[in-house]
Amino acid sequence: MRSRGAVASRKSPAALACVAFVTLSLLGCDSTDPVTSPQGTPTGEHSPSAPGSAPPAEPRAQLAAAAAAASDLRMTAFYTLQTPGRPDRTVAVTLAEDGGWRVDIPGGAPGSAGGTDGTGDVAMAQNADGLFRCALPSAANPVTPYCVRLGDPDAVVDPALDPRLHHLFADWRAVLADRRAPLAVSVTEPLDGADGTCFSVESTTTSLQPPLDVGIYCYRPDGTLTGARLELGTLLLAGQPGAAPPSVTLPGPVTTGVPPGSAGTPPTSSGSTTGTG
């Protein structure tokens with residue numbers, strides 16, 4: 001009598017293949033584990049994104065984030081102002097801990113306090129008491145410093161008295177941070193001497209008064225303005241910013257009369273000697 005093993009050993013190859021196919025099919029139906037690749041990633045699924053692999057934010061969002069950080073920045077810094085046909089000038093910027101600010105602009109007021117050749121130095125400053133325009137002494141225009149209050153902290157400056165440069169550290173930051181502002185933004189080549197990311201900013205409105213000056217704005221991620229190229233000139237950060245004071249200090253007493261750079265009678269003392277905000 002032949003053993004069962006002997007009978008099984010003589011099964012045809014076709015029969016054996018059929019048994020193997022049925023066995024694999026049953027295993028495939030019962031198994032719930034996905035088939036993995038040699039690297040261990042389940043096939044048919046996307047592997048998790050590696051850290052930092054998310055696509056970068058579009059330029060408008062990048063600029064808005066930088067400008068929002070700039071609104072919270074507190075520092076003292078010096079900038080170099082380059083204007084065609086004029087020597088480079090040093091602009092001093094103070095962004096105080098209490099939210100006040102002051103920007104000193106050499107040669108920012110043609111005719112300031114009697115000057116007629118554009119050598120009048122001015123400071124624009126804001127504190128809780130208001131917005132001020134101040135006369136600063138210079139070698140070419142050795143005046144006694146004084147300030148004139150232009151209005152409340154959010155007052156609009158008369159265009160004839162507006163040096164515009166201070167807006168970079170005041171209200172233009174809010175415009176750049178506002179995604180609804182009518183601006184077209186793109187990343188552009190860095191300005192020579194400016195680090196961070198530089199953005200080309202254009203107005204998308206036909207208004208005669210755009211919300212800010214169009215041009216190139218360069219920011220570090222922490223909100224530090226490292227450069228700007230505008231119609232009024234090119235501004236570049238000189239050195240590293242320092243610590244901010246508790247509040248801004250006005251360069252001279254607040255007076256009544258016409259602001260520095262205006263035509264009219266010289267200012268007279270209002271009796272106020274307040275020099276700090």
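Residues are numbered from 1 along each chain as its sequence is written, and side-chain values use heavy atoms, with hydrogens and water left out. Because the model is predicted, local features need pLDDT of at least 70 and side-chain atom pairs count only at pLDDT 80 or more, whereas totals for chains, interfaces and linings use all residues.

A search of the whole structure finds two disulfides, a disulfide being a pair of cysteine sulfur atoms within 2.5 Å. One of them joins C134 to C147, with an S to S distance of 2.1 Å, and this link is right-handed, with 105° about the S-S bond. Since C134 belongs to strand β5 (residues 130–136) and C147 to strand β6 (residues 146–151), the pair ties together parts that are 13 residues apart in sequence; strands are DSSP runs (E, at least two residues), numbered from the N terminus. C134 counts as buried, at 0% relative accessibility, and C147 likewise counts as buried at 0%, where buried means under 20% relative accessible area, exposed over 50% and partly exposed in between (1.4 Å probe, protein chains only).

The disulfide between C198 and C218 has an S to S distance of 2.0 Å. The pair links distant parts of the chain, with C198 in strand β8 (residues 197–203) and C218 in strand β9 (residues 215–219), 20 residues apart. The link of C198 and C218 is right-handed, with 105° about the S-S bond, and both cysteines are buried. With bonded cysteines counted along the chain, the disulfides follow the pattern 1-2, 3-4.

The structure holds one cavity of 30 Å³ or more, a cavity being a set of points on a 1 Å grid over the protein atoms alone where a 1.4 Å probe fits but cannot get out. The largest cavity has a volume of about 50 Å³, the volume being the space filled by probe spheres set on the points, which are joined across faces, edges and corners. Its lining, made up of residues with an atom within 4 Å of a point, includes L73, M75, Y79, F169, R173 and Y219.

Y79 is also among the residues that T90 touches, together with F78, D104 and P106, not counting residues up to four places away in sequence; contact means heavy atoms within 4.5 Å. T90 lies in strand β2 (residues 89–95) and counts as partly exposed, at 49% relative accessibility. The C-alpha atoms of T90 and P106, 16 residues apart along the chain, are separated by 7.0 Å.

Terms used
Helix = DSSP H or I, 4+ residues; strand = E, 2+ residues; numbered from the N terminus. 1 Å grid on protein atoms, 1.4 Å probe; cavity = no way out; pocket = protein on both sides within 12 Å on 5 of 7 lines; lining within 4 Å.
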